Amino acid sequence: MLKPVYPAQTELEMVTLEQLVPKDHLLRLLDQHIRFDFIREATQHLYCENNGRPAIDPVVLFKMLFIGYLFGIRSERRLVKEIEVNVAYRWFLGFRLTDKVPDASTLSQNRRRRFVGTDIEQRIFDGIVEQAIEHKLIGGRVLYTDSTHLKANANKRHFEVHQVEQTPAAYLAELDAAIETDRAAAGKKPLKRDDDDSTPPMKEVKVSTVDPDAGFMARDNKPTGFFYLDHRTVDGVHALIVDTHVTPGNVHDSQPYLARLDRVMERFDLAVGAVGLDAGYFTPQVCKGILERALFGVMGYKRPTHRDGYFYKRDYLYDAVQDCYRCPAGEVLPYRTTNRLGYREYASNPARCADCGVRGQCTQSRNHQKLVTRHLWEGFKEAINANRLSDLGKRLYARRKETVERSFADAKELHGHRYARFRGLAKVQAQCLLSAACQNMKKMALLLARKAAALLAKILARTRFAAPFARHLWQIGVPNLNFRIRLASA
């Protein structure tokens with residue numbers, strides 16, 4: 001029979017927040033395994049000690065932001081509404097059922113006034129990484145790096161074309177010195193350099209009128225528009241993030257890599273032995289930097305551009321002893337010069353090539369001359385490429401998709417990492433740092449809870465009253481012990 005339904009919303013019940021939050025809730029694990037007091041210490045200098053209204057605890061402010069990143073709540077107004085009705089969120093923040101939740105403007109005004117121009121987000125991220133190192137969840141021996149794009153909060157059709165000065169890359173001074181040394185060793189004259197007072201080279205770029213810090217990205221197999229790039233480095237053990245760095249979308253992946261690698265090793269004192277990267281980082285300067293740091297580098301393979309019906313560049317064999325190339329027909333291509341871009345040029349003899357039977361597969365040059373170039377740092381690229389073909393290199397590279405690519409996939413699917421929430425490079429950097437910190441906290445809490453449950457079950461299995469005690473712990477909410485009861489009973 002059907003019973004009449006009476007409204008129960010107005011009934012008085014004696015409950016506590018502790019009873020209403022599930023025992024295995026993620027926020028319980030975070031509260032148990034992650035220390036947040038360091039946030040108060042890091043922000044203490046930003047608050048007045050003896051004047052003004054009592055401020056909201058900065059730990060509470062950032063915990064509110066953590067909830068938004070952990071559960072993919074992109075809007076701060078929506079975040080406040082969710083906290084008002086979610087008892088688990090209130091429990092995590094230390095609010096009673098009747099306490100007023102801080103307004104969304106409190107979050108935005110603290111970000112715009114109190115925390116602007118500070119490195120608090122970087123310090124929070126670093127503090128979480130340090131806790132992971134304390135718990136021995138970060139090995140630091142193998143690091144994987146990649147980048148992903150975040151759509152900027154800007155319409156791709158609203159832009160202006162600006163003429164900007166081409167900024168030379170940081171490694172060009174080192175490359176110029178290597179070029180002059182190589183030319184001097186070959187008996188060549190120094191290259192003429194432009195005078196300092198000459199007009200610097202310019203280029204046209206699209207600048208968004210909505211978010212000028214965003215970069216216009218136009219890459220193969222990538223969306224076109226204004227984006228930011230999140231360059232992320234993760235550890236090879238549990239894929240915990242050890243560095244995240246944001247650049248405009250038109251910056252090449254390889255440009256900030258070496259500086260960020262040095263920052264990770266110095267900041268956390270990691271004894272890095274190997275790094276794994278995708279093919280986008282396979283440039284002479286990155287390969288050189290990895291080997292100079294005595295690291296085992298492995299990178300993906302990118303198929304070179306090739307015209308059908310012609311020889312591949314690999315068909316021209318380099319002779320390091322005689323410093324020359326040999327073409328598929330066996331002719332020698334001797335060294336000719338070193339150009340401004342750092343490439344050594346090897347040219348064939350036009351008289352020998354004119355009557356060559358395979359010239360149609362070699363060159364279309366009018367003077368019947370084949371030119372092959374080789375970068376001054378090509379040897380570093382060859383060494384890195386040899387690592388890719390080794391057994392160790394294959395094992396290391398296979399882990400890349402399980403670590404850094406998985407990290408980005410989780411960030412996009414679960415933590416709202418597809419879009420930039422704010423405008424401006426500094427604000428997007430703060431977003432990526434807090435998002436990465438939340439991913440680390442989530443993974444750390446789950447790993448530590450699993451380790452604690454496994455250790456406790458192992459201890460219980462050796463005691464006389466293992467099974468009843470394990471059932472009791474499971475009933476009162478100790479996580480991950482329900483599947484350990486059978487082990488304790490054995």
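F226 counts as buried, at 2% relative accessibility (buried means under 20% relative accessible area, exposed over 50% and partly exposed in between, with a 1.4 Å probe and protein chains only). This is a predicted model, where local features need pLDDT of at least 70, side-chain atom pairs count only at pLDDT 80 or more, and totals for chains, interfaces and linings use all residues. Residues are numbered from 1 along each chain as its sequence is written, and side-chain values use heavy atoms, with hydrogens and water left out.

**Aromatic rings**
- The whole structure holds 11 aromatic pairs (rings of Phe, Tyr and Trp, the last by its six-membered ring, pair if their centres lie within 6.5 Å; planes under 30 degrees apart are stacked, over 60 edge-to-face and the rest tilted).
- One of them joins F216 and F226 edge-to-face, with 5.2 Å centre to centre and 75° between the planes.
- That pair links distant parts of the chain, since F216 sits in strand β4 (residues 215-217) and F226 in strand β5 (residues 225-235), 10 residues apart.
- Y318 and Y325 have ring centres 5.1 Å apart and planes at 55°, so this pair is tilted.
- Y325 is buried at 5% relative accessibility, whereas Y318 is partly exposed at 29%.
- Y318 and Y325 belong to one aromatic cluster with Y335 and Y346.

**Charges over rings**
- R374 lies over the face of Y318, at 3.9 Å from the ring centre (the cut-off is NZ of Lys or CZ of Arg within 6 Å of the ring centre and within 35 degrees of the ring normal).
- R314 lies over the face of Y312, at 4.0 Å from the ring centre.

**Helix α7**
- In helix α7 (residues 104-114), the buried residues are A104, L107, S108 and N110.
- Down the axis of α7, these buried residues fall within an arc of 160°, so they line one face of the helix (the arc uses the directions from the helix axis to the C-beta atoms).
- Their packing partners are α4 (58-70) and α5 (76-85).

**The whole chain**
- The chain has 18 helices and 13 strands (DSSP runs numbered from the N terminus: helices are H or I of at least four residues, strands E of at least two).
- Its radius of gyration is 30 Å, well over the 23 Å that the globule rule gives for 490 residues, so the chain is more spread out than a compact globule (taken over C-alpha atoms; the rule is 2.2 Å times the number of residues to the power 0.38).
- Buried residues make up 44% of the 490 residues.

Definitions and conventions: Contact = heavy atoms within 4.5 Å.
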